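Hi there,

Here is the structure I promised to pass on. Please have a look at it first, and then read on for what I found.

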Amino acid sequence: MIGTLMLYRWARHLVDGRPEEAMAHARAVWDLERALFLPDEAALQDRALRWDGWVTTANHYYVKVHFPATAVFLAWIWWRHRDAWPRVRAAIILSLAFSMALHALYPLAPPRLLPSAGMIDLMNVYGPSAYAHPPGEGLSNQFAAMPSMHVGWAVLIAWGVVRYGGGRWRWAAVAHPVATTLIVVLTANHYWLDGIVGGAIIALCLWLTLRLESPARWRPASVAAPAEGAAAER
């Protein structure tokens with residue numbers, strides 16, 4: 001599974017190389033967000049930068065948390081909740097397929113590369129940066145902003161911890177997709193719509209994989225309890 005994630009990172013580069021189309025799509029997404037009355041990312045970043053103590057931490061979070069957090073989550077599911085593994089694995093693979101299709105069909109430059117957005121590339125200014133090369137060079141596809149799987153997989157992690165974890169503290173996992181969404185937007189790496197689509201992809205994948213979960217996980221308690229009681233009487 002970890003190999004699949006690394007393959008995804010490499011495969012994104014194969015659909016790179018359409019900067020003009022990616023910039024045109026970026027302007028269209030920006031205009032659509034304004035038509036939908038979504039918060040202006042540039043204005044939000046400008047207000048947030050009145051205190052810049054958060055920027056380097058946010059950049060580290062963006063660069064260093066996404067794949068390790070996903071890997072740790074998958075390892076936890078494998079070792080502690082093996083009955084949930086088929087569904088989680090299938091959801092990850094399906095989300096990779098959907099996201100790769102969107103990367104290929106709809107290349108999208110992030111707001112940090114869209115001059116008219118008026119946003120600062122915080123990774124480039126403050127560091128660290130996830131990209132060692134200019135757009136269009138190296139193995140990183142910087143025109144693959146749609147969808148944001150940073151947000152999508154953060155949603156998957158939160159869902160998995162809440163569903164399979166124990167105790168009230170499991171609800172703290174919800175902070176991960178919330179923080180991730182704010183960070184990818186404030187650092188100018190994604191638009192709101194990238195995150196919305198990423199979360200929608202995960203929701204669709206979880207719905208499509210529902211029957212891969214152990215029946216004991218989704219069977220209503222009112223049905224499961226009598227069956228277990230009858231077995232005990234026999």
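**Overall picture**

Starting at the N terminus, the order of elements is α-α-α-α-α-α-α-α-α-α-α-α. In total, the protein has 12 helices and 0 strands. Please keep in mind that this is a predicted model.

Of its 234 residues, 42% count as buried. The protein exposes about 12,000 Å², and carbon and sulfur atoms supply 65% of that area. If you take the contacts between residues at least 6 apart in sequence, 84% of them join residues at least 24 apart.

**How confident is the prediction?**

The average pLDDT of the protein is 86, with 80% of the residues scoring at least 70. Among the elements, α10 has the highest mean pLDDT, at 98, while helix α12 (residues 221-233) has the lowest, at 47. Over residues 220-225 the pLDDT is below 50, and this stretch has 2 contacts in the model beyond near neighbours in sequence.

**A helix pair: α8 and α9**

Helix α8 (residues 149-164) packs with helix α9 (residues 175-186) at an angle of about 170°, and their axes are 8 Å apart. Angles over 145 degrees count as roughly antiparallel, so that is how α8 and α9 are arranged relative to each other. On the α8 side, the contact is made by His 150, Val 151, Ala 154, Val 155, Ile 157 and Ala 158. From α9 come His 176, Pro 177, Thr 180, Thr 181 and Val 184. Sorted by type, the residues of this contact are 7 nonpolar, 4 polar and no charged.

Gly 195 lies in helix α10. Gly 195 and Ser 148 are 47 residues apart in sequence, yet their C-alpha atoms are 5.0 Å apart in space. Gly 195 counts as buried because its relative accessibility is 10%, and the cut-off for buried is under 20%.

Thr 209 sits in the loop between α10 (192-208) and α11 (215-218). Is Thr 209 buried or exposed? With a relative accessible area of 1%, Thr 209 is buried. Not counting residues up to four places away in sequence, Thr 209 touches Arg 87, Ala 90, Ala 91 and Leu 94.

Happy to talk any of this through with you.

Best wishes

Conventions. Residues numbered from 1 in each chain as written. Predicted model: local features only at pLDDT ≥ 70, side-chain atom pairs only at ≥ 80, totals over all residues. Heavy atoms only, no water. Helix = DSSP H or I, 4+ residues; strand = E, 2+ residues; numbered from the N terminus. Buried < 20%, exposed > 50% of the residue type's maximum accessible area, 1.4 Å probe, protein only. Contact = heavy atoms within 4.5 Å. Areas by Shrake-Rupley, 256 points an atom, 1.4 Å probe, with all protein chains shown as cover. pLDDT = per-residue confidence, 0-100. Axes fitted to C-alpha atoms, helices over the stretch in contact; angles between N-to-C directions. Parallel < 35°, antiparallel > 145°, perpendicular 65-115°, else oblique. Nonpolar A, V, L, I, M, F, W, Y, C, P; charged D, E, K, R; others polar.
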